[in-house]
Amino acid sequence: MILIYFDNAATTSVDQDILNTYVEFVKTCFANAASNHLLGYKSYEYEKQARQIIANLFKKKEEEIIFTSGASEANNLAIKGTCFQYKNRGKHIITSTIEHASVLEAFKQLEKEFNFEVTYLKPNKNGIIEKDQIEKAIRNDTIFVSIMMVNNEIGSINDIDTIGEMLKKYPKIIFHSDITQAIGKIKVDLKNVDLASLSLHKIHGFKGSGILVKSEKINLMSQISGGGQEFNFRSGTNNVPYEVSAAKTLRIALKNQEENYQKCLKLKNYLVDELKNIQGVHINSPINGSPFIVNFSIDKKASVVTEALSKKEIYVSTKSACSSKKSSISYVLKEIGLDDKISSNAIRVSFSDNNTLDEVKIFLVELKKILESI
Ligand code: PMP
């Protein structure tokens, strides 16, 4: 039996080349990048190079790249860091109801504990937040908008370039986007985005490794105080081997982005066409969404089906890994207007460039067998 891993939106396997780079640097580049000796200077130089590579990939400056422990931390730093820094300009902030938990919970905390007023925008049935909808919600005291690029459960894609363009009319408003499920998979342009969060473990890099891209015009109240690393925005001894690996991960992912996109689009189209022929299946992902995510519901208990699949070493998820242990109902599916039954019985298949059409075919055979046997 071969192992089929279709849970790449939760995390991906580490690329061997990236692992080799890490091992090499963790052995040789162990000195503290802030130390005043030759070994420390060497670490600092590698860190600087890594930051430069990443800055160039985003057409940003070195000072605009902040290393974090992942997208959850980058989201929290962007959201709380901005809102605390600029709270005297206004206390109204805007997001959508289908953001990742690390965005939604940060907004809820600001609302409940720090007296911010939040407008939670509801997406349309395709999981999209329109720019006009955001504009209508803007008030005189609005200081911050956070809208994700690709939704992690259904793969809907927001046009963050157009949203950012519109928000330029409101100079007081800072625009943040969680691009975790987009980077290296879909073309991302950050020219109209002030802050963007991402994680390396979704593109064959390491868990616990992330980046906040921050426009130099913006100041943030740091959430981790200490030695002043990361331009004072995020203290803590820099993990240089991780930073070098992050640069390599992004370089590889962006170089192969178009090819991987086309490859996964073929897998998605085949899977969706076949799923449509199975009785009781409802496709939840929008047609023009990310090719890397296919979300569908079945008229049987989804957790029973995913468990049966996993016994055959086929790994999919019922929804996003960050909320799958909480309740069986998906808030994302509810928010796009699906009923409780569909929202409670969803399966998310998420691809990476490592997947093949043969794997999709085996998955379909096994899925049909399981559905017939229940
Ligand atoms: N945002 C989105 C859209 C995600 O899919 C994830 C990963 N589940 C995160 C944020 C959190 O990333 P990390 O695991 O690096 O904290």
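Me: Surface first. What does the accessible surface of the protein chain come to?
Reply: About 16500 Å². Carbon and sulfur atoms hold 51% of that area. Keep in mind that this is a predicted model.

Me: And how many of the residues count as buried, as a percentage?
Reply: 55% of the 374 residues in the protein chain. The cut-off for buried is under 20% relative accessible area.

Me: Charges next. How many positive and negative side chains are there?
Reply: The protein chain carries 49 positive and 44 negative ones. The centres of the two sets are 1 Å apart.

Me: OK, the fold. How many helices and strands?
Reply: Twelve helices and twelve strands in the protein chain. The radius of gyration is 21 Å, close to the 21 Å from the globule rule for 374 residues, so the chain is as compact as a globular protein of that length.

Me: What does the C-alpha trace span along its principal axes?
Reply: About 65 × 55 × 35 Å.

Me: Which domains is the chain divided into?
Reply: Domain 1 covers 4-12 + 257-373, and domain 2 covers 16-255.

Me: How far apart do their C-alpha centres lie?
Reply: 27 Å for domain 1 and domain 2.

Me: How many residues are in contact between them?
Reply: 32 from domain 1 with 34 from domain 2.

Me: Last one, contact range. What share joins residues at least 24 apart?
Reply: 71%, counted among contacts between residues at least 6 apart in sequence.

How values were computed: Residues numbered from 1 in each chain as written. Predicted model: local features only at pLDDT ≥ 70, side-chain atom pairs only at ≥ 80, totals over all residues. Heavy atoms only, no water. Helix = DSSP H or I, 4+ residues; strand = E, 2+ residues; numbered from the N terminus. Rg over C-alpha atoms; globule rule 2.2 N^0.38 Å. Buried < 20%, exposed > 50% of the residue type's maximum accessible area, 1.4 Å probe, protein only. Contact = heavy atoms within 4.5 Å. Areas by Shrake-Rupley, 256 points an atom, 1.4 Å probe, with all protein chains shown as cover. Lys, Arg positive; Asp, Glu negative; His and termini not counted. Charge placed at Lys NZ, Arg CZ, Asp CG, Glu CD. Domains from an automatic or database assignment.
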